[in-house]
Amino acid sequence: MPVTTPPSAARRTRLSPEREGELYAAVLDLVREVGYENLTLDAVAARSRCSKATLYRRWQGKPRLVSAALRHLRPFSLEDLDTGSLRGDVHELARRIGDAKKDIDLMRGITHAVHRDPELAEAMHTALIEPELEVMQAMLDRAVARGEVDSGCPAIPFFPHALSGAVFSRPMIEQRPADAAYLTRYLDAVVLPALLRT
C-alpha cells in the first residue's frame, strides 16, 4: 500500500499572512535589541517559533529575511500614488514620507550593517529601493505624458537623490526630523521648479 504524505505535513513550511507578519515583527524586534550584525537565525527561529530550515528555504539567509521584514513593515507606502498632477503627487509623497513614524532604534541597527555587508545592501536595494524608484519614475513619466515636464529635463534623473537627500540631511544639519511640512516646502522651493515647465 503506497504511503501518502498528510496534507498538513506537505504544507508545514508555508506561512499564513498572519504568521508571516508575526515573524517579520519578531525579526525587527531582534534587530532593535541586538543590531543586525548580532542577529542570528537561531534567535529568529526561537522568537518566532518557526524552524530554522523554513527560514533558510524561504529567505536563503539573514539579508533577505531582514530586507523582507523591513519592506513588509515599512511605515509608509508609495502605492496608488496618482493625484492627477505632478505637484499633487509630490505633495502626497511628502505627506506619506514625512508623516511616517521614524524608528530610530531600528535604523541605527541597520545603517552601519548596510555599509559593511554587500549582500545586505543588495537585498535592501532589491526589496526596498527598486520598487520605490519604479513608483517615482512612473510619477515622472505621467507628468511628461501630461506635458507638465519636458522629456529632456535634466533634473528628472536626480529626483530620487534630491528627495532622499532632504530626508536624511535635515536631522544632521538642523537636528530636526524631515516632516511633511518641511518636505513640502523643500520640494516646492527646490525640486518642482527644476522639473516643471515654465
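**View A. Lining of the largest pocket in the predicted model.** The largest pocket is lined by 41 residues, and Arg74, Phe76, Met107, Val167 and Phe168 lie nearest its centre. A pocket is an open set of points on a 1 Å grid over the protein atoms alone, with protein on both sides within 12 Å along at least five of seven lines; lining residues have an atom within 4 Å of a point. The space in this pocket amounts to about 1,600 Å³, a volume being the space filled by probe spheres (1.4 Å probe) set on the points. The model is predicted, and totals for linings use all residues, whereas local features need pLDDT of at least 70. Residues are numbered from 1 along each chain as its sequence is written.

**View B. Helices and residue classes around the largest pocket.** Helix H2 (17-34), helix H7 (104-116), helix H8 (118-146) and H9 each contribute at least two lining residues; helices are DSSP runs (H or I, at least four residues) numbered from the N terminus. H7 provides the largest share, nine residues. The lining comprises 27 nonpolar, six polar and eight charged residues, where Asp, Glu, Lys and Arg count as charged, Ala, Val, Leu, Ile, Met, Phe, Trp, Tyr, Cys and Pro as nonpolar, and the others, Gly among them, as polar.

**View C. Asp80 in its loop.** Asp80 lies between helix H5 (62-72) and helix H6 (86-99). Its phi is near 60°, a positive value in a residue other than glycine. Asp80 is exposed, with a relative accessible area of 74% (exposed: over 50%, 1.4 Å probe, protein chains only).

**View D. Gln175 in its loop.** The loop between helix H9 (159-173) and helix H10 (180-195) holds Gln175, whose phi, near 55°, is also positive. Gln175 is exposed at 72% relative accessible area.

Key: Predicted model: local features only at pLDDT ≥ 70, side-chain atom pairs only at ≥ 80, totals over all residues. Heavy atoms only, no water. Buried < 20%, exposed > 50% of the residue type's maximum accessible area, 1.4 Å probe, protein only.
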